[in-house]
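Biologist: I'm new to this one. Can you bring it up and walk me through it?

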Amino acid sequence: MTDSAPGRLTISRATLDDWRIVSGWAADEGWNPGLRDGPSFFAQDPEGFFIGRIGGEPVSAISVVNYDELYAFLGFYLVRPDMRGRGHGLATWRTALAHAGKRTVGLDGVVAQQDNYRRSGFELAHRTIRYVGPVPGGGPRPARVLPVEAAGLRAITAYDAASYPADRPRFLESWLTAPGHRALARIVDGHITGYGVLRPAQGALRVGPLFADTRADAEEVFDALTAETDGEPVVIDVPETQPHAVALVEARGMKPTFPTARMYTGPVREFAKERVFGVTTLELG
């Protein structure tokens with residue numbers, strides 16, 4: 001940890017209570033974090049959250065969550081607006097990034113920061129577009145779309161691992177069962193062909209992940225997740241390189257809002273990119 005003289009920035013690992021403050025900063029920036037994301041994030045790597053303080057007051061934050069020995073993901077890079085331009089963000093960044101060691105690090109970068117990320121060794125993989133809109137619901141849930149419990153945690157974890165650059169069983173065990181989260185899977189002849197999670201956020205509902213073998217599978221899961229939204233806005237972050245995903249959300253009247261850039265510092269393991277119809281979160285990948 002970084003500990004400096006009185007009146008200077010002190011950087012330490014953050015607690016879950018600290019992260020409630022940071023999530024409020026993220027909401028103020030329009031990132032719209034889920035209402036109960038924190039416990040699931042900390043379940044994956046409780047040592048991966050950092051906060052900078054001056055005189056005991058939080059002024060900066062970042063997360064660098066390690067998934068395995070090869071992959072980590074960076075998020076929540078924030079400095080309180082009244083404390084920007086003083087180097088606090090960079091100092092917090094450097095301290096936290098050391099937590100990843102030699103792992104490849106991924107992030108979803110906002111437009112304003114992408115040049116800075118390139119200077120730190122991150123290279124563009126693809127753009128992600130946030131889509132928002134009320135989704136017509138009310139239809140019956142397809143017979144083959146069931147609560148994820150019908151598939152079992154082990155099967156869902158295996159399907160997720162084939163659709164993501166790392167295994168993340170600790171995160172999923174929390175994410176799938178968190179209060180207010182609705183997790184559904186499409187199951188055909190005992191095999192998963194797609195799954196997704198809907199969760200409450202600030203003034204909206206967020207879908208993520210949405211992983212599926214085909215657009216038809218993704219449509220059934222998405223429509224089942226949003227069947228009871230009653231016109232409440234729904235948010236999903238879609239890889240721009242996945243045309244079937246873009247077509248799915250646009251067919252439901254959702255509109256693009258802002259882009260981010262998925263960037264990596266090095267290679268990631270092969271995974272089924274064509275299955276990714278909606279990323280899990282911009283904060284943890």
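Modeller: One term before we start: contact means heavy atoms within 4.5 Å. This is a predicted model, where local features need pLDDT of at least 70, side-chain atom pairs count only at pLDDT 80 or more, and totals for chains, interfaces and linings use all residues. Residues are numbered from 1 along each chain as its sequence is written, and side-chain values use heavy atoms, with hydrogens and water left out.

Biologist: Fine. Which residues of helix α5 are buried?

Modeller: Ile156, Thr157, Tyr159, Asp160 and Ala161, in a helix that spans residues 153-161. Buried means under 20% relative accessible area, exposed over 50%, partly exposed in between (1.4 Å probe, protein chains only). Helices (H or I, at least four residues) and strands (E, at least two) are DSSP runs, numbered from the N terminus.

Biologist: What covers those buried residues of α5?

Modeller: The cover includes α6 (169-175), β8 (182-188), β9 (191-201) and β10 (204-212).

Biologist: And α2, how many of its residues are buried?

Modeller: 6 of the 8 in residues 37-44, so α2 is largely enclosed by the rest of the structure. They are Asp37, Gly38, Ser40, Phe41, Phe42 and Gln44. Among the elements covering them are α1, β2, β3 and β4.

Biologist: New topic. Which residues touch the most other members in the largest nonpolar core?

Modeller: Trp19, Tyr67, Leu176 and Tyr195, out of 39 residues. Such a core is a set of buried Ala, Val, Leu, Ile, Met, Phe, Trp, Tyr and Cys residues joined through side-chain atoms within 4.5 Å.

Biologist: What does Leu176 touch?

Modeller: Val148, Leu153, Ile156, Ala183, Tyr195 and Val197, leaving out residues up to four places away in sequence. There is also a second, separate core of 24 residues, with Leu198, Ala224, Ile236 and Val246 included.

Biologist: Where are Phe76 and Asp189?

Modeller: Phe76 is in strand β4. Asp189 is in the loop between β8 and β9.

Biologist: Is Phe76 buried or exposed? And is Asp189 buried or exposed?

Modeller: Phe76 is buried, at a relative accessible area of 3%. Asp189 is exposed, at 69%.
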